[in-house]
Amino acid sequence: MSGYKASTSWNPGSIADGNEAVTEVTVTGASLGDFAFASFSLDVSDLALTAAVTAENTVTVQLGNWTGGNVDLGEGIVRVKVVPFDVI
């Protein structure tokens, strides 16, 4: 599948229940309306991991915590894949 990809280190830190940790990843070629997918190199401990193209060449990755308790993740690698809308 063609598209664009990027990765960077990220330490989301301690995320309280009901809160989110967010980072932006530069993905050259990404455009609003493209599909974005993210993965993280560590176990996300039942957190919700989402990605969206939020500006040209920018993907916002979010870890949402609705587990009922605090979750503290260490530093890992966040990987992003963007697939242009017209490819799918």
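The model is predicted, so local features need pLDDT of at least 70 and side-chain atom pairs count only at pLDDT 80 or more, while totals for chains, interfaces and linings use all residues. Residues are numbered from 1 along each chain as its sequence is written, and side-chain values use heavy atoms, with hydrogens and water left out. The chain holds 0 helices and 8 strands. Helices (H or I, at least four residues) and strands (E, at least two) are DSSP runs, numbered from the N terminus.

**Overall form**

- The order of elements from the N terminus on is β-β-β-β-β-β-β-β.
- The C-alpha trace spans about 40 × 20 × 20 Å along its principal axes.
- Of the 88 residues, 34% count as buried. Buried means under 20% relative accessible area, exposed means over 50%, and partly exposed lies in between (1.4 Å probe, protein chains only).
- Of the contacts between residues at least 6 apart in sequence, 72% join residues at least 24 apart. A contact means heavy atoms within 4.5 Å.

**Sheet β1-β8-β4**

- β1, β8 and β4, in that order, form an open sheet of 3 strands with antiparallel pairing. Two strands pair if DSSP finds at least two bridges between them.
- β1 and β4 are the edge strands, each with a single partner strand, so one side of each has no neighbour in the sheet.
- Neighbouring strands of this sheet are turned by 20° against each other on average, direction ignored. The axes are lines fitted to C-alpha atoms, for helices over the stretch in contact, and angles run from 0 to 180 degrees between N-to-C directions.
- β1 and β8 run antiparallel and are joined by 7 bridges; Ser 7 stands opposite Arg 79 in β8.
- β4 and β8 also run antiparallel, with 6 bridges. Phe 37 has Lys 81 in β8 as its bridge partner, and Ala 36 stands opposite Val 82 in β8.

**Sheet β3-β6-β5**

- β3, β6 and β5, in that order, form an open sheet of 3 strands with antiparallel pairing.
- The edges are β3 (20-26) and β5 (48-55), each with a single partner strand, so one side of each is left without a neighbour in the sheet.
- β5 pairs with β6 (residues 58-64) in the antiparallel sense over 7 bridges. The bridge partner of Thr 50 in β6 is Gln 62.
- Thr 58 is in strand β6 and counts as buried at 17% relative accessibility.
- Beyond its neighbours within four places in sequence, Thr 58 is in contact with Glu 24, Val 25, Val 27, Ala 30, Ala 52 and Val 53.

**Aromatic pairs**

- The structure holds 2 aromatic pairs. Rings of Phe, Tyr and Trp (its six-membered ring) pair if their centres lie within 6.5 Å; planes under 30 degrees apart count as stacked, over 60 as edge-to-face and the rest as tilted.
- The ring centres of Trp 10 and Phe 40 are 5.7 Å apart and their planes stand at 75°, so the pair is edge-to-face.
- Trp 10 lies in β1 (residues 4-10) and Phe 40 in β4 (residues 35-40), so the pair ties together parts that are 30 residues apart in sequence. Trp 10 and Phe 40 are buried.
- The rings of Phe 35 and Phe 85 have centres 6.0 Å apart and planes at 20°, so the pair is stacked.
- Phe 35 is in β4 and Phe 85 in the segment after β8 (76-83), 50 residues apart.
- Phe 35 is partly exposed at 33% relative accessible area, whereas Phe 85 is exposed at 55%.

**Nonpolar core**

- The largest nonpolar core has 20 residues, and Val 27, Val 59 and Val 82 have the most contacts inside it. Such a core is a set of buried Ala, Val, Leu, Ile, Met, Phe, Trp, Tyr and Cys residues joined through side-chain atoms within 4.5 Å.
- β1, β3, β4, β6, β7 (71-73) and β8 are the elements that give two or more residues to this core.
- Leaving aside neighbours within four places in sequence, the contacts of Val 82 include Ser 2, Tyr 4, Val 27, Phe 35, Val 53 and Val 59.
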